[in-house]
Protein chains: 2
Amino acid sequence: MSVLKKTDEFREKTVKTQPVFEGKIISLQVDTVQLPGGGTATREIVRHPGAAAVLALIDGNMLVVEQYRKPMEKFQIEIPAGKLDAGEDPMSAAARELEEETGYRAGKLRPISAFYTSPGFADEKLYLYMAEDLERGESRPDEDEFLEVQAISFEQAQQYIREERISDAKTILAVYAWHIYRLTGQIQA
Amino acid sequence: MSVLKKTDEFREKTVKTQPVFEGKIISLQVDTVQLPGGGTATREIVRHPGAAAVLALIDGNMLVVEQYRKPMEKFQIEIPAGKLDAGEDPMSAAARELEEETGYRAGKLRPISAFYTSPGFADEKLYLYMAEDLERGESRPDEDEFLEVQAISFEQAQQYIREERISDAKTILAVYAWHIYRLTGQIQA
């Protein structure tokens with residue numbers, strides 16, 4: 001099979017940018033691009049400031065929060081996470097969100113991975129960390145956040161995935177990373 | 001810690017829906033919701049038809065495609081994937097996208113996981129499958145898709161993650177699932 005090529009020929013050059021929406025969390029624009037083969041196409045692009053999330057382990061259990069997710073109109077069990085504040089370092093954001101959402105402070109934070117959540121239409125990048133040596137801090141969720149915190153076992157996490165009570169990319173990825181960590185002692189690819 | 005509760009009290013009731021944008025791939029609306037504690041908040045919600053993606057293994061290697069991703073303005077190495085057509089079954093979409101993007105037909109497709117990519121602002125759900133017993137079909141990418149196909153080893157995939165040439169949630173999740181499969185023989189949580 002052919003070797004992967006990253007040639008300028010395949011880059012999509014912006015011909016026009018149409019701003020559509022500027023919100024609190026996201027903005028939306030439609031770009032018209034020049035295609036490699038000639039002709040043009042449009043690309044719908046959501047801009048997002050990025051986010052940080054934490055696989056936080058305490059006594060062999062994982063901290064999760066349950067909250068209502070409006071886009072799906074259902075309750076979801078997820079690892080603690082939140083968007084980056086302007087200019088905020090992802091690791092600081094991870095520490096901040098962990099404490100805000102669960103009331104725990106991390107003695108140690110190590111990067112697991114960073115990934116784009118929806119590369120087809122959004123630039124959101126999520127930074128995932130493992131937190132260990134947790135200590136009680138003070139919990140103070142955002143004003144419009146209503147959360148329930150729990151520490152669940154690995155088997156419980158797998159069960160929640162099967163039941164689709166855990167069903168978001170970052171949390172499933174965190175559980176897979178935890179699985180690999182349990183099997184190999186390694187937290188990175 | 002408290003037991004997780006899913007009470008109606010914590011549901012966010014829609015007070016108003018403001019349609020903002022209707023595109024080819026996504027649409028955007030802003031909902032005003034009633035908060036559990038009283039008062040209201042807005043939720044920016046991207047609607048997406050959902051997508052299917054494939055961890056396709058051939059002779060112990062994984063099929064990947066490299067393409068230009070406009071939201072990040074960079075080339076990305078990803079597993080074959082694409083959005084669901086209207087009313088399309090996710091597994092059929094996975095088989096279709098695999099053949100369109102790589103030219104391979106899967107003798108066997110098994111579900112690995114399904115997950116929401118960005119539960120905070122989008123309803124996109126991605127269905128991930130493992131494809132085995134691959135046979136050459138015919139490749140016919142979409143008109144505005146320009147792809148390079150390659151089969152890479154597990155070690156190469158890990159290297160690409162470290163180099164951030166692989167840096168999207170579904171592909172990293174697929175590599176983690178592949179890792180667990182290699183260690184345990186299991187493909188599901």
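## Basis of the model

Residues are numbered from 1 along each chain as its sequence is written, while chains are lettered from A and ligands numbered from 1 in the order in which they are written. The model is predicted, and local features need pLDDT of at least 70, side-chain atom pairs count only at pLDDT 80 or more, and totals for chains, interfaces and linings use all residues.

## Relation of the two chains

Chain B is superposed on chain A by a rotation of 180° with 0.0 Å of shift along its axis, at an RMSD of 0.0 Å (by least squares on the C-alpha atoms of residues with pLDDT of at least 70 in both copies). The two copies are thus related as by a two-fold rotation axis.

Chain B and chain A each give 67 residues to the contact (two residues are in contact if their C-beta atoms, placed from the backbone, lie within 7 Å). On the side of chain B that touches chain A, helix α3 (residues 169-184) of chain B supplies the largest share, nine residues (helices are DSSP runs of H or I with at least four residues, strands are runs of E with at least two, and both are numbered from the N terminus). The copies meet through the same surface, because 100% of the interface residues of chain B are also interface residues in chain A.

## Nonpolar cores

The largest nonpolar core has 84 residues, and among the members that touch the most others are Leu55(A), Ala56(A), Leu55(B) and Ala56(B). Such a core is a set of buried Ala, Val, Leu, Ile, Met, Phe, Trp, Tyr and Cys residues joined through C-beta atoms within 7 Å. A residue is buried if 20 or more other C-beta atoms lie within 10 Å of its own, exposed if 12 or fewer, and partly exposed in between, with C-beta atoms placed from the backbone.

Not counting residues up to four places away in sequence, Ala56(A) touches residues including Met62(A), Leu98(A), Tyr104(A) and Leu134(A). A second, separate core of 12 residues includes Ile26(A), Ile45(A), Val46(A) and Ala122(A).

## Residues with positive phi

Most residues other than glycine have a negative phi. Asp59(B), however, has a positive phi near 50°; Asp59(B) is placed in the loop between β4 (51-58) and β5 (61-69) of chain B and is exposed, with 7 other C-beta atoms within 10 Å.

Glu73(B) also is not a glycine and has a positive phi of about 55°. Glu73(B) lies in the loop between β5 and β6 (74-78) of chain B, and counts as exposed with 12 C-beta neighbours inside 10 Å.
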